[in-house]
Amino acid sequence: MTIRLLHLADLHLDRVFAAMGCQGELARRRRQGLREALVSAGRLAMEQGCLAVTIGGDLYEHERAGVDTGRFLAETFASWRPMRVLIAPGNHDALLPGSLYRRVGWPSNVTVFTGTELEPVELTDGLTVWGLAHREPAWQGDPLGGSPATSGSGLHLALFHGAELGSRPEGKSIHGPFHAERIREAGFAAALCGHYHRRRLDRESGLLYPGTPEPLGFDDEGGRGPVLVEVTERGDVRFTAHDTSRWSVFTVECDAAECGTVEAVIDEVAMHCASTGFSDPERTMIRVDLTGSIDSGVFLDTFTVELGVRERFGLAAVKVRDRTSPYIDLDSALVEESTRGAFVRAATAAAEDADADEALVLEDALRYGLMALSGAEVGLR
């Protein structure tokens, strides 16, 4: 008989989404979408006949989660009975004093791991899940550093929130550091993890990161959703990803070098956005990296571009990052006997002796100065 579990992590309920530029109604829609993702995961688990749902941490964000979130979680999990729910708190939902894990009256089918060393929960005869908790956000313990008693009969799975050091994304924080090679060495058939927001299904090492159920940032492109874990009678463990996310994010690069007006920029950006093939505009967020050297007389108002493209397609959000540079014929400008020429010579000379940070400031100064000298409206980017 095959035993099925559904694994998810990094839902981040009550996230503000400020980094994506979400405010007001859009931010509320995104937060509601996270709740809908959890409900959807439970529905999928019941349809698949799962024995339990495992949650690898960062279920919510401690600083923002309140009474309403606790009630929502308790009622949602109760509706899944008799299916079990096993939760391993992570760095954002650490088992701190005053955390929801301590304040909420959880239904009988919910188990919240509380120790910093792996503890067993026998789900059924022959299958044991070992879990632990982050008791502080900056916990640096090795989840696989102890020696759990996994030498007994049956199959053992680990459940925790941690940073696999061999595949850490650039800039990702290190909490609960471990190495994938230790999973099998410690006696586990698989490690059901959380922390990394990109999905990773590694059958060879037994490492599973389901990724975020919904995109939390513009880098969270591609399929999103929980992962079905199947344990066969022979003791094999299979992972099957399910793409259930309702929100989509894309990043496109758009060269605006040939654009002579802001209207032309909007048309160019719109063409690149359409090329993503988005299917549900009301739940699509697109980041646009605007590049190229443009005439200093063009007033590039990114807010106008965002509004124009968003309304053209009915998109939830368009976020433009202005990475353009002012077009200037330096050879000609440097010898101009004019205020413009003197300005360019001064800015160029200063840039030659500047460090990297100063060079960026001087690039902006050159841009805005040329815009002002050309008579264009000047706006900060």
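1. Glutamate 185 and arginine 182 form a salt bridge in which the closest N and O atoms are 3.6 Å apart. The model is a predicted one. Both residues belong to helix α4 (residues 182–185), where they are three residues apart, about one turn of the helix. Glutamate 185 is exposed, at 56% relative accessibility, whereas arginine 182 is partly exposed, with a relative accessible area of 26%.

2. Salt bridges that share partners also link Arg4, Glu230 and Arg238 into one network. The count of salt bridges comes to 15.

3. Another of these pairs joins glutamate 61 to arginine 64, with 2.3 Å between the closest N and O atoms. Glutamate 61 is buried, its relative accessible area being 3%; arginine 64 is partly exposed, at 41%.

4. Aspartate 280 and arginine 283 meet through their side chains in a salt bridge of 3.3 Å, N to O. Aspartate 280 has a relative accessible area of 28% and is therefore partly exposed.

5. Strand β1 (residues 3–8) is mostly covered, as five of its six residues are buried. Five bridges connect β1 with strand β13 (residues 227–231), and the two run antiparallel. In this pairing, leucine 5 stands opposite valine 229 of β13.

6. β1 also pairs with strand β2 (residues 52–55), here in the parallel sense and over four bridges. Histidine 7 has threonine 54 in β2 as its bridge partner. Together with helix α1 (residues 24–47), β1 and β2 make a right-handed β-α-β unit.

Methods: Residues are numbered from 1 along each chain as its sequence is written. This is a predicted model: local features need pLDDT of at least 70, side-chain atom pairs count only at pLDDT 80 or more; totals for chains, interfaces and linings use all residues. Side-chain values use heavy atoms; hydrogens and water are left out. Buried means under 20% relative accessible area, exposed over 50%, partly exposed in between (1.4 Å probe, protein chains only). Two strands pair if DSSP finds at least two bridges between them. A crossover is right-handed if, with the strands pointing away from the viewer, the path from the first strand over the helix to the second runs clockwise. A salt bridge is a side-chain nitrogen of Lys or Arg within 4 Å of a carboxyl oxygen of Asp or Glu.
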